[in-house]
Structure formats: structure tokens, C-alpha cells
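User: I want to learn how to read an interface. Please take me through one.

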Number of protein chains: 2
Amino acid sequence: MHYLCTMKIENVIKQSSFSSSYHKVVVNLIFTGNWIRDEQMKVFKQFDLLPQHYNVLRIIKGHMPHPIAPKDIKEVLIDKAGDLTRLLDKLEKKGLVKRNLCPSNRRQMDISMTDKGLKILEQLQGPLQIFTDMIQNNLSKDQAENLSDLLDQLRG
Amino acid sequence: MHYLCTMKIENVIKQSSFSSSYHKVVVNLIFTGNWIRDEQMKVFKQFDLLPQHYNVLRIIKGHMPHPIAPKDIKEVLIDKAGDLTRLLDKLEKKGLVKRNLCPSNRRQMDISMTDKGLKILEQLQGPLQIFTDMIQNNLSKDQAENLSDLLDQLRG
DNA sequence: ATAATTTATTTGTTGCAACAAATATTGTTG
DNA sequence: CAACAATATTTGTTGCAACAAATAAATTAT
């Protein structure tokens, strides 16, 4: 079964006919969320990165040319980063970011991009674009807007 | 910021105006998927279970009164279970399932529910229903159908 | 100025997840 | 039936995630 993602959710989840449209939406959302996550993973994995690593790199880049402190990264980060320290450890070890003691506040660290980090972000642009393109092929602009609105409404 | 989930995605993700409706959908799907996952986690956590544990328990129950082998659980499981063994270890240690050697094929295990396992599934029904109800409050039946269709279409 | 409080980051610990390799049983073929 | 391949599960290893606790520096109050 290689093409699960292209099937209606009723056919993916074999046995059960859903008790309600609401139940179906829940299962479908979880399924689709996992699918997107897995698709993204494939891209990131080629660079030995995780989605969170990418998010953090984007945030650091977004602050350039100024360095940024971990506490400020945390504020912006979608998925809350419990141990940003060890995540930054890994990025530093891979040479993608630099850590310096902040001169004006010695309990704070200054995180900044390296050239290598910038280069990896560039290299990722293409593969990630392909992913958005794929969705663009399957939904019209109105449908995409509609979907986004329904998701907003569903949450609350 | 306690009410992220009730905000339009543009406001959740502070800085960026999205480059396209498609990009917005991607971010919104990931955000909504994580949100659902987190909400479910809260319920499961009260019983010291993970979502996967619940899925597996449901599958085993769905096969009653017959026992089921791990390989057959894997076939039905949505999220692929790399190490079902250790997941079943945990369920067994908590007394929710039993493991027996399959008499007709000694490299296979027979997994079956215990009374305690059945009881936990019953106890979970209420809390999980509340969750579906919440979505029902926010979307009409047509909207739920529409959302499910859009998700199916998006995947391909 | 000193003590208490808050802030920023790090460290420790535990459990889970992903991947490959190992073991044991069954099925197949010459 | 002996050798080889396939199947079903387990084990080993490594890295990440979640949570609490610890450290260290700055801020505030006494």
C-alpha cells in the first residue's frame, strides 16, 4: 500500500465507518497532519535536520544582522522548545550557528548564523517549495483559503 | 498567551504575512494537527497512556473475542509502529493486555485484552467524546464534510 | 551594600522513537 | 532431509523529548 495519502480517509482507515462527520474530521486531521510532518521530514532528513531545527534557523535568520537570545527564540517558536539548549548544541556542533556571551548581559547568549547555516537554508528552499507546489496543484486558491478558514473556525 | 488556538493563524504566527494561501494552509495544518495531538495527549496522560497505546488497545478490542498477533496489529495501525514489542511490553506491564504463545505458530504471539484494559477503554470514552463535541460546536455538519473533503483532495 | 527574587540558560534523568541487527520458528527447494 | 530463504518477534543502540532541578547573573527590596 504505497498510496495511502491519495485515498479518501474512509478507505485509509479500513474497518470503521465513522460514527459522525465530526469523528471523521478528527481522524482526517490527525492523519493529514502526520502525513505533512512525514513529507517534511523526508526533506529535512537529507540535511540531518529536524523540523524544529529548521524553525529555529529561520527565526535566527529572521533577526539578522542582529544576534538573538534563546529566550527570544522561545517566544516566537510555534512548538514550544523545552530544551532549546541541546537543540542549539546540535546546530552549533554542525557549524550552523555560533554562540557568544552577550557582552551587555552575561546570563544571556548571543546566537547568530554562520555562512554554513545560511547556505543550508538556501539549499532547503527548493525542496520545500516543491512541497508547497504540490498542494497548489491539488487545491484552488479559493479552496486553500476556505480550508484555512475552516481550520481557524474549528479551533475555536 | 493562553488562547492561541482560538486565533486566526495569521495572528498566531506573529511576524510573517504569508507569501501565498498555500503556504498559509501548510502552516495552519501543521499548527492544527499539533493542537489536536496536544489536546488528545492531555486526556491520555491522565491514564498514563500515549495516543499509540490507545490505538493499539482499540485494535486489540476490535478483534475480540479472538486474540491478535503483533504483525496483524501493525497492518491496521495508522502510525506505523516500529517497535510494537516495547509498546506491548508497557501495556502488559500495566496489566491491560496479555501475551501468550500462539499454539499453532510458535514464532507468533497471541495478544488479548484483560478486564482492566477493557475498563480503561470505557473510562476513556467520556473524555474523548467531549473532544469531538467541541468540534461539533464550532463546525456545522456541512462544514465538517467540506473540511474532510478538502483534506482528502489536498493529499492528492 | 546585602539578601531575596527573578531571569536566562544549562544539566540531569527518564522514557520513547527510529533504525539496524539478532534470534527463533516455519516454509521451500534441490 | 539438509540447506536456504522467509516470517515474527525481540534486542541493542542512539538520539530526541519532557520534566524537574540546578546554576549563575541581574534586579529589586530592605
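**Reading the interfaces**

Analyst: Across the interface of chain B and chain A, 24 residue pairs are in polar contact, both residues at pLDDT 80 or more. A polar contact is a pair of N or O atoms within 3.5 Å; within protein, one must be able to donate a hydrogen and the other to accept it, and residues adjacent in sequence count only if both atoms are side-chain atoms. This is a predicted model: local features need pLDDT of at least 70, side-chain atom pairs count only at pLDDT 80 or more, and totals for chains, interfaces and linings use all residues. Residues are numbered from 1 along each chain as its sequence is written, chains are lettered from A and ligands numbered from 1 in the order written, and side-chain values use heavy atoms, without hydrogens and water.

User: Which helix gives the largest share of the side of chain B that touches chain A?

Analyst: Helices are DSSP runs (H or I, at least four residues), numbered from the N terminus. Here α2(B) leads with 17 residues.

User: How many salt bridges cross the interface of chain B and chain A?

Analyst: A salt bridge puts a side-chain nitrogen of Lys or Arg within 4 Å of a carboxyl oxygen of Asp or Glu. The rule finds four. One of them joins B:Glu145 to A:Lys24, with the closest N and O atoms 3.4 Å apart.

User: Which protein atoms lie by phosphate oxygens of DNA strand C?

Analyst: B:Arg106 places a polar side-chain atom 3.0 Å from one. A:Met109 has a backbone N or O atom 3.2 Å from a phosphate oxygen. For A:Pro70, a polar backbone atom is 3.4 Å away from one.

Methods:
Helix = DSSP H or I, 4+ residues; strand = E, 2+ residues; numbered from the N terminus.
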